[in-house]
Amino acid sequence: DSRRVLYVSPAYEKIWGRSCDDLYREPGSFLDNIHPDDRSNVEASLRRIPDEELEQVFRVLRPDGATRWVRSRTFNVCNETGQVYRIAGIREDITEIKQVEDALRKSEKQLRSLFTQSPDIIKIVDETGTILSMSRPLPDLPVDEAIGRDSTDLLPPEYRQRYNKGLGKAFRTGRIDHFQYATASSTWWDVRIVPIRQ
């Protein structure tokens, strides 16, 4: 009987900010706290029980004004004849995970903006010196052709050992390295090797 709650754990009170007794008295009352933008999706999913098992993410507005992000999983429990006789649901508070994801997206957006708008040519390389991404083309090398190449090969031969030494130091010690060189066409390049920490 979908109108009866047989058991709800005390975590309901921590996430929803309402008592378990409220839910026992009014099984549908948990919907009252679901964010208006998410409520119709949750209600629609409830109508599909027990025909399918569900997983979804929605927001809960607590009475104290706090917003909690919840991952909900609902699945059927069958008796020995294979008939559904209980519905089990797990509601997990993923607010901290969402906050970290949002902060990461913001950080990535800022980094990408810096990366694409910098007047410098920025290359991101791995420990082997392989180019993973590049902000803008080199005079004779488009970005799409640079990806996957050994960054050492882009330097004049006489500076490659110096570059590899600085790259190794950055990965081993986390220290910035810096040097300059000139090409045969009298173009001066300023090279900075900066470690990216996670």
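This is a predicted model: local features need pLDDT of at least 70, side-chain atom pairs count only at pLDDT 80 or more; totals for chains, interfaces and linings use all residues.
Residues are numbered from 1 along each chain as its sequence is written, and side-chain values use heavy atoms, with hydrogens and water left out.

The chain contains six helices and seven strands. Helices (H or I, at least four residues) and strands (E, at least two) are DSSP runs, numbered from the N terminus. Along the sequence, these elements follow the pattern α-α-α-β-β-β-α-β-β-α-α-β-β. The radius of gyration of the chain is 28 Å, well over the 16 Å that the globule rule gives for 198 residues, so the chain is more spread out than a compact globule. Here the radius of gyration is taken over C-alpha atoms, and the globule rule is 2.2 Å times the number of residues to the power 0.38. The C-alpha trace spans about 80 × 45 × 30 Å along the principal axes of the chain. Of the 198 residues, 28% count as buried; the term buried means under 20% relative accessible area, exposed means over 50%, and partly exposed lies in between (1.4 Å probe, protein chains only).

Strands of a sheet pair through backbone hydrogen bonds, either parallel or antiparallel. In this model, three strands form an open sheet in the order β1-β2-β3, with antiparallel pairing. The edge strands are β1 (54–61) and β3 (84–93), each of which pairs on one side only. On average, and with direction ignored, neighbouring strands of this sheet are turned by 30° against each other. For this angle, axes are lines fitted to C-alpha atoms, for helices over the stretch in contact, and angles run from 0 to 180 degrees between N-to-C directions. Two strands are taken to pair if DSSP finds at least two bridges between them.

The antiparallel pairing of β1 and β2 extends over eight bridges, and within it Arg59 stands opposite Trp69 in β2. The hairpin of β1 and β2 has five residues between the strands, and Gly65 in this hairpin takes a positive phi near 95°. Strand β2 (residues 67–78) also pairs with β3 in the antiparallel sense, over nine bridges. Phe75 has Ala88 in β3 as its bridge partner.

Side chains of opposite charge can pair when their charged atoms come close. The structure holds 14 salt bridges, a salt bridge being a side-chain nitrogen of Lys or Arg within 4 Å of a carboxyl oxygen of Asp or Glu. One of them joins Arg71 and Glu55, whose closest N and O atoms are 3.8 Å apart. This pair links distant parts of the chain, with Arg71 in strand β2 and Glu55 in strand β1, 16 residues apart. Arg71 is partly exposed, at a relative accessible area of 24%, whereas Glu55 is exposed, at 56%.

A salt bridge is also formed by Glu92 and Arg73, with 3.7 Å between the closest N and O atoms. Glu92 in strand β3 and Arg73 in strand β2 are 19 residues apart, and the pair likewise links distant parts of the chain. Glu92 counts as partly exposed at 29% relative accessibility, and Arg73 is partly exposed with a relative accessible area of 31%.

Between Asp190 and Arg192, the closest N and O atoms of the salt bridge are 2.6 Å apart. Asp190 is partly exposed, with a relative accessible area of 35%, and Arg192 is partly exposed, with 47%.

Asp38 lies in helix α3 (residues 36–46) and is buried, with a relative accessible area of 12%. The C-alpha atoms of Asp38 and Val57 are separated by 8.7 Å, the two residues being 19 residues apart along the chain. Tyr24 is found in helix α2 (residues 20–25) and is partly exposed, with a relative accessible area of 34%. Together with Leu6 and Tyr7, Tyr24 makes a nonpolar surface patch of about 350 Å². Patches are made of residues with over 30% relative accessible area and no salt bridge; like charges are joined within 9 Å, and nonpolar side chains (Val, Leu, Ile, Met, Phe, Trp, Tyr) within 5 Å. Accessible areas come from the Shrake-Rupley method with a 1.4 Å probe, and for residues only the protein chains shown count as cover.
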